[in-house]
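User: I've got this chain open and I'd like to talk it through. Could you take my questions one by one?

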Amino acid sequence: MVRFNPCLFLFEYIMMRVHVCVCVCLFTTVCPDRDPELQPWMPGHSEAHRVTIGYGRKVLLTSSATVHSIEITSGGKLVIADSHHPILLRTKHILIGNGGQLHIGSPDCPYKGNLTISLFGRSDDKDTEHSYFGRKYIGVGTGGTLEIHGKKKLSWTFLNKTLHPGESQDNSYLFERGWGNRGIIVHVIHPKTGEVLHSDRFDTYRSKEESRRLAKYVDGVENGMILAMVVNDEGSNNLEESAKKTISKLGSRHFHRLGFRYVSRVLTHDPLRPEAFISIERLSNSTVLELAEPAEGWGPGDTVVLASTDYSMHQAEEFTLLHCPTCRPTQVKVQGQCPAFLHMGEEVDGVDMRAEVGLLSRNILIRGEMDPSCYGNEACKFFSFDTFGGHLKVEHGFKAVHVSSVELQHMGQQSMGHYPVHFHMNGDVDQKGGYDPPTSVSDLSIHHTFSRCVTIHGTNGLLVKDVVGYDALGHCFFTEDGPEERNTFDHCLGLMIRAGTLLPSDRDSKMCRDITHGAFPGYVANPRQDCSATSTFWIANPNNNLINCAAAGSEETGFWFLFHHVPTGPSEGMYSPGRTEHTPMGLFTNNRAHSNYRAGMILDNGVKTTQANDKDKRPFLSLVGARYGPHQDADPFKPRVPALIHHFVAYKNQDHGAWLRGGDVWLDDCQFADNGIGLTLASGGTFPDDDGSRQEVKNSLFVGESENRGMSIPDNRIWGPGGSDLSGRTLPRGVDFPIRGMQIYDGPINVQNCTFRKYIALDGRHTSAFGFRLNNSWQSCPKNNVTNITFHDITSRVFFGEPGPWFNQMQMDGDKTTIFHDVDGSVSEYPGAFLVKQDNWLLRHPDCIDVPDWRAAICSGRYAQIYIQTRNPANLNMQIVKDEFPDRPLELEGALGKRKHYQQFQPVITLAKGYTIHWDQAAPAEIIVWLINFDRNDWINVGFCYPAGTTFTVISDIHNRFDQRSAVLWIVRGWFGIQDKSRLCRLLTCRLPVSLLFLQVKAYNDKEDFAFCSVKGCERVKITAVIPKGSPPSNCMAQAYPRHAEMPIVDVPMPSKLPGTKLVRTELGLFLTVCQNDDGNSILQGIPAQIESYVNNLKNK
C-alpha cells in the first residue's frame, strides 16, 4: 500500500528546441512492513540466540521465531510483517534504544494479522538481569521508538438489556400481558426458534361450543410444538370434560381444579388486574447480549468480560463470542447457556446501572509465559500462582512511544518497577516536552496481570484512552510519587482489582500484618489505618484528568485521590512541601464506580514520606492523614479554586458512594444508589486550615434501595428484607445497617436541589435520607445548609441516631452536637429552621418542635460554636450548662482522645446566652476559647469553674492562620480569694471551695460567609491558671444554680409552617398528626417508630 506525494521538483531537459518535462515523484510508505529498505529476517528457533539489530540495519520478521533476546540499537529497525499466517515471537526481552525502532503497524495502517509476543523466563534465571529493566520485558530506552498499532476494536461499552441469571436470550419466547378478554388463550410456539406460529382465544365461560372447539384445536396441533395456555378472568363455567381430558394428555394436572376466579378490592382504589407471565426458552449453549453501541471489530473467538452490577465484584463473568449472522450491529452472541449472575442493562430508579462489557481480545497479544505455580519469592505466602509476568517499561529520553489496540496478558511482577505498562521518570511526554504527536496508549486490554495495569511515574501529559484493566493485583491505573500532572485517563475501565504486596496501600489485612520489612522493629500494623486501600484509579496528584472512566469493582476503592506532602522515591525534590495539597483538580467528569468494597470514590489521606523510626514506627508510604485545599497556582495565599466533580455515578458500593474531604469540593449532577452511605463531605480538618472554604452537592439524586435487588448466592455477604415491599435483596453491610443518603459530618456544607428516593426504615434498621456520621467525636457546623430538597417514597427524612447497633451509646461529642440549617423548609417544612438533636438543650428553646421519629427537634435561633482547648491536664471531661436549662447539662469528653497533649471540646451554642463550664477533675492550667462562626458583635457569657486560690492570666488575641502569629489585644491578671471593689473582682464570683470566672466573649471583626474566623484572624481568649495542688474536681454547679439561672427566652421566633405540606409522605403504616388544643395547628406530623411509648408520654392539654 503506497501513497504518492505531489511532484517534488521539475527537471527541464532542453535538446534540439524540444522541451521535455520530467516529473519525479517520491512516495512514502504508510504500512511500515512495505518499506522497500527492509530485509527479510527469519532467525529460526533457539533460546540461546542473542540478536542485535544495529548500525542502520532494517529487518522484517516474516515468520514465527524463538530467540534469547533482541536488542535494537544504533539506528537499527525491526518491523513485524503483517502476515496472513499467525506469528509467534518468543524471547526473554526486547530492548530498544539509541535510535533503535520497533514497528508493528501504524496509526494509518493498523496491523491486521495475528501476532503474539511471548516473554519467557523465570525470576531465578542465571542470566544477569538488566540494571534498569530487569527481566522478561519490552524496554524502551533513551532514543528508542516503539510503535504498535493493532486492528481497531471497540474497547468497552454498556449492556443495554438486563441479563438475568439462568436466562438465555437466544431465540426465547417471552409473553407478558395484562389480559383484556376472558377465557383460555393458547399460543402455539416453534420449539427451536421460539416463534409464535398461531394463537387463539376460547371463551369456555360462555359456551360449551367453545370448549369443543378448544379440544379440536389442541388435537390438530402438530406433534413437537409447544403450547402455552393461560386463563384470563374465568374459563371453567362451560369447560367440558372432553376438553379437560385432551389438555390433560399434554401433561397438565391443573385444569381439573380450574374454578371461578374472583377479583376483589383489597386496600386499593383499583381492582386487581390478572396478568399472565409465560417464558419458554430454547435450550441452547449461547446467549445474545444487547450492547449500547455497535461492537466494532468484535468477532468469533474473542473474549469479553461482563461487569458485576451488585455489591460483589466477583460477579464479573467472562464469555467467548460466537458467530452470529442474524445479530444486529449492537448484538453479540456469547458461548454459554446462561449467565450465573444478574447483570443490569438499564437505568434503575433514575440511575444508570448498566453493566460494562469489556473486550479482552486483540489481534496483537503481548504475554508473559508462566510457570504452573508460585516459586521462590515472598509473594508465594499470599498467591499460589506464578506472579513473575512480563512487563513493558519506558525510560526517560525515549524518541517516540505509541501503543494502540494491543492485548497484554500475564504481565507485571510482584516486585517494584515491573508493571504491564510503565512510564518511568519521563517528564513531559506531550507537546510541552517536544513530543508531537503526544505519547499515548490506547485501546489496550490488560488482564490477568500480576502488578497493576498502567503505571505513570514522574511523567506528565500522557494520554491513556480506551484501556480495559481486568483481574489485576494492586492499584490498576497508578500514579506513583506525587509529581505526575496533566495526564489524562479517558474512557478507561477497571474491574476485579485485587490486593497486591508491593506498597502498604496495595495490601489487604493479612499482607499488612505479615509483611514487616520497612516497619520499625516490633511495630504491629493496623491494617485499616496503614494499608487496605487497593484502588482501580490511584491518583497521587489532583492535577490529572479522568473523563468517562468506570471503576467497576475493587477490593477497596474505585477512585482514590491522595496526597504526597513531598514527592517520594526518584521524584524527591520535584516540588515544595505541601504543594499537592493545594493543587487544583483536573477534569473529573462523567465517571462511575460500583461494586467496590470500601467506596466508589475517596478524596482523602496522604502517604508517609519518611522511613520508619522510633517516633513513627509505620513503614514508608503507609496511609496517613492529609488535608486538601485547592488554590490558584497551588498557593494557599491566592484565591481558592473549587475541585469540581461532575456527573459522578456511584452505586452498589458497600460502604460509601463517595467520601470526600477537603476545602472547596463541589459536586454537580451526580447519582448515588444502593450504597451503605451515599455521600459524606468531610471538612478540611481542624480549623483554621483553608478557612472560608465549603463543600457542596447540587442537582443530584440519591436512591436508598433501588429495584436492582441483586440475587441471593453464597458469595453475597448480606441478604435480607428491604424496600417498600420488604422483599429479599442484597444489602451493603448488615441487615440492621442504617443506610443513609447524605451523611452530614462536620462542615460547612451546602446541599441544594437534590432528590432522595426509596429510603425505607424497617423495624431495627434506621434508614434515612439524611443522617450523621456514626460514633463521631468531631464538630458539627451550624453553617451546614440544605435547600430545595425533594423526597419520594421516604419513611424517614432524617435520623439523628439512638443507642444501639452501629450507633453504640451515642456518647461521643459529635453524636451529641449535630445540627443543620433547613434554609427553605424543604426538609422540616419550617423555612429557616434548624434541626438539632432532641436532647441538646444548648440549642433548644421552649418553642422547639419535637420529631421523635427523627430523634430531633426543629428549632429557631442564632447559632455558633466555641472551641475550648485545654492543657494540663488534657484527659478530663467537660460539662457545659446553658443558664436557661441548668438541669440539662451537656457532657463532652473531647474530640482528640485521652492520650493527646491537649484536648479540644467543640460545642455548638446559642448566641446571646449565658453558660457555665465545669470539669470532672481540677480545672486545666490552660484554656483557649476560640470563637467559631461568630459574626461581628456576636457574643456569649461564659463562666469557668476554678478551685479557690487559683491565680490566672487572661489574654485576648487574634490568631493569623497564615503566619501562625497572634496579635495580643489585652491582658488581665488576678486571683481568687480577694473581696474588694476593683474592676477585676467584678469579673469574679468567689465561692469556696470552687469559684467561677465569668467572661463575655465577643467578636469584633467581620467574617466571610463560610469562614470559621474573622477576616483578621481567629478571635480567641486564653486563660493561663496556677491551680493549687490537691484541688478537688472543679464542678461549680451547686454554686452557680439557681443563682445564675435565666428564664428561657425565644430570641428568634419559630417560622410558620409551609402551607399544605406533610412532614412524611408514605403509603405504608400509620400516619400520625399531633395538634395543639388551643389553635389546632399541627406541631408534629410523622410516623414515630415507637408510637405506643410516644403517645403515652404526651402531656394532657
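User: How many aromatic pairs are there by your ring rule?
Analyst: This is a predicted model, so to speak of local features we need pLDDT of at least 70, side-chain atom pairs count only at pLDDT 80 or more, and totals for chains, interfaces and linings use all residues. Residues are numbered from 1 along each chain as its sequence is written, and side-chain values use heavy atoms, with hydrogens and water left out. Rings of Phe, Tyr and Trp (its six-membered ring) pair if their centres lie within 6.5 Å; planes under 30 degrees apart count as stacked, over 60 as edge-to-face and the rest as tilted. By that rule, the count is 32 aromatic pairs.

User: Is the aromatic pair of Phe 770 and Phe 820 stacked or edge-to-face?
Analyst: The two ring centres are 5.7 Å apart. The angle between the planes is 20°, so by the cut-off of under 30 degrees the pair is stacked.

User: How many residues apart in sequence are the parts that this pair ties together?
Analyst: Strands here are DSSP runs (E, at least two residues) and helices are H or I runs of at least four, numbered from the N terminus. Phe 770 lies in strand β64 (residues 768-772), and Phe 820 lies in strand β67 (residues 819-822). So the pair ties together parts that are apart in sequence by 50 residues.

User: Does Phe 770 count as buried or exposed?
Analyst: Buried means under 20% relative accessible area, exposed over 50%, and partly exposed in between (1.4 Å probe, protein chains only). Phe 770 has 0% relative accessibility, and Phe 820 also comes out at 0%. So Phe 770 counts as buried.

User: Which residues have the most contacts inside the largest nonpolar core?
Analyst: A nonpolar core is a set of buried Ala, Val, Leu, Ile, Met, Phe, Trp, Tyr and Cys residues joined through side-chain atoms within 4.5 Å. The largest one has 113 residues. A second, separate core has 44 residues, including Val 908 and Phe 952. Back in the largest core, the residues with the most contacts are Phe 648, Phe 756 and Phe 770.

User: Which residues of helix α2 are buried?
Analyst: Helix α2 covers residues 241-248. Seen down the axis, its buried residues fall within an arc of 160° (taken from the directions from the helix axis to the C-beta atoms), so they line one face of the helix. What covers them includes α1 (208-219) and β21 (226-232). The buried ones are Ala 243, Lys 244, Thr 246 and Ile 247.

User: Which residue lies over the face of Tyr 745?
Analyst: A charge sits over a ring if NZ of Lys or CZ of Arg is within 6 Å of the ring centre and within 35 degrees of the ring normal. For Tyr 745, the distance from the ring centre is 4.7 Å. The residue lying over that face is Arg 773.

User: What is omega for the cis peptide bond from Gly 747 to Pro 748?
Analyst: Most residues other than glycine have a negative phi, and most peptide bonds are trans. Pro 748 sits in the loop between β61 (740-744) and β62 (749-752). The bond from Gly 747 to Pro 748 is cis, with omega near 15°.

User: And what is the positive phi of Asn 775?
Analyst: Asn 775 lies in the loop between β64 and β65 (785-787). Asn 775 is partly exposed, with a relative accessible area of 29%. Although it is not a glycine, Asn 775 has a positive phi of about 50°.

Note on methods
Contact means heavy atoms within 4.5 Å.
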